[in-house]
Amino acid sequence: MSASAGLDAARGARTAAPGEVLVEVRGLEVHFPIKSGIIFDRTVGHVRAVDGVDLTIHRGETYGLVGESGCGKSTLGKAILNLEPPTAGSVIFDGVDIASLKGEDLRKERKRFQMVFQDPMSSLDPRQTVEALLLEGMRAHGLDTDKAATHARLRELMSAVGLPPAGLKKYPHEFSGGQRQRIGIARALSVGPDLIVADEPVSALDVSIQAQVINLLQDLQDELGLTYLVVAHDLAVVRHISDRIGVMYLGGLVEESEAGELYDVPLHPYTRALMSAVPVPDPTVEDSREQILLTGDLPSPANPPTGCRFHTRCPWRQETRCDTERPELRVVEVAGASSGHRVACHFAEQIAAGEIERHEVEAELVSEGFGGPDGPPTPPEAYIAP
Ligand SMILES: Nc1ncnc2c1ncn2[C@@H]1O[C@H](COP(=O)(O)OP(=O)(O)O)[C@@H](O)[C@H]1O
Ligand code: SF4
Ligand SMILES: [Mg+2]
């Protein structure tokens, strides 16, 4: 019997019907108010951390979310779990709109979706033993009624994540970084979730340990039929683990496809730039392939560019549409792209066909201000080097 067979039984594991939708995100927005003033707390603008995201996650799959730091990945992950209340839009989880759930209803539903954080040290209370940490969630959801069964389950959880049962009596600081992340995973598993959102689950770990934790996540998925949303800024990590990948830029998805295809046929200019920055081991390929250097920093999500959010950095930007019309994430007809491949670029087809030339991107002044006469007194100051 596998180490986690008991866990499987405990969560009443279901077999996924092919393509069964578990999470459906529609028009999701999370805007954080920017406050100013000492006496009167005035809202002077909003950080549009997540600004109109549609995505679907199927039961049993791993959806990878990539993008530069600050593009809204963590906020999107939290909003899907209702840890960050959405400003607009809906998150339908197994038929229930969790964005609208509150109080006891939300608390009950929570055991079905859990989060694994980047830094296990800051997400695990250092004063609690591992046993207490694992019991916390089980208690909250009434899963510790029978003493013997709870004892067995704690040992099973440890075994499932590859830790000895003796570790139950220890404190988080007595473990290495990789082991602490295993405890973080055991804690998420303790309540028997269907969906786990793992936010940069291996970014804080040594490279040598990263693969072990990724493999553990995959093994647990195979055994327990878990569904994952894995957030990472590292393309190698998401490629390894994901079935499908979404690329995020300034609060929105710019491309989404089956994992291998995204690497073979990247269609959005931003994805192409990301891919071109990943070194290839073969020197001949490395020398001959497309290199796209992105000029400038990510613009501020408090004052995102009009039209296509990427137009200030896009080497294929056109005079028409790019600056004025926000492109929808749409299925494109391009050789090598399958029907699930979606791109938010007005000119994806022409770029893929080589009908539009790449050009230099001029350095732009990026306004850090929040726009309009009511903006806070922060002068725009960041000039971007060409
Ligand atoms: N609680 C918050 N209040 C205000 N702004 C926030 C908050 N959380 C995140 N942000 C801002 O939202 C944007 C997206 O952040 P985040 O989701 O953490 O991005 P990522 O995970 O991709 O690095 C950033 O500009 C960040 O500063
Ligand atoms: S819509 Fe225009 S600016 Fe945006 S990615 Fe496509 S070509 Fe570039
Ligand atoms: Mg983050």
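Hi everyone, let's start at asparagine 82, which comes after helix H2 and has a positive phi, near 60°. Keep in mind that we're looking at a predicted model.

Now step back into the helix itself. H2 covers residues 73–80, and eight of its eight residues are buried, so the helix is largely enclosed by the rest of the structure.

Which residues surround it? The shell consists of Phe32, Val47, Ala49, Gly67, Ser69, Gly70, Cys71, Gly72, Lys73, Ser74, Thr75 and Pro301. Two elements, S2 and H2, each give two or more residues to that shell, and H2 provides the largest share, with three residues. Sorted by class, the shell around ligand 1 has six polar, five nonpolar and one charged residues.

Let's stay with S2 for a moment. This strand spans residues 42–58, and arginine 42 lies in it. Is arginine 42 buried, exposed or partly exposed? It has 13 other C-beta atoms within 10 Å, so arginine 42 is partly exposed. Setting aside neighbours within four places in sequence, arginine 42 is in contact with Lys35, Ser36 and Gly37.

Last stop, ligand 2. Here 13 residues make up the surroundings, and the closest are Cys308, His311, Cys314, Cys322 and Cys345. By class, the shell around ligand 2 has nine nonpolar, three polar and one charged residues.

Technical notes: Residues are numbered from 1 along each chain as its sequence is written. Chains are lettered from A and ligands numbered from 1 in the order in which they are written. This is a predicted model: local features need pLDDT of at least 70, side-chain atom pairs count only at pLDDT 80 or more; totals for chains, interfaces and linings use all residues. A residue is near a molecule or strand if its C-beta atom, placed from the backbone, lies within 6 Å of it. Ala, Val, Leu, Ile, Met, Phe, Trp, Tyr, Cys and Pro count as nonpolar, Asp, Glu, Lys and Arg as charged, and the others, Gly among them, as polar. Helices (H or I, at least four residues) and strands (E, at least two) are DSSP runs, numbered from the N terminus. A residue is buried if 20 or more other C-beta atoms lie within 10 Å of its own, exposed if 12 or fewer, and partly exposed in between; C-beta atoms are placed from the backbone. Two residues are in contact if their C-beta atoms, placed from the backbone, lie within 7 Å.
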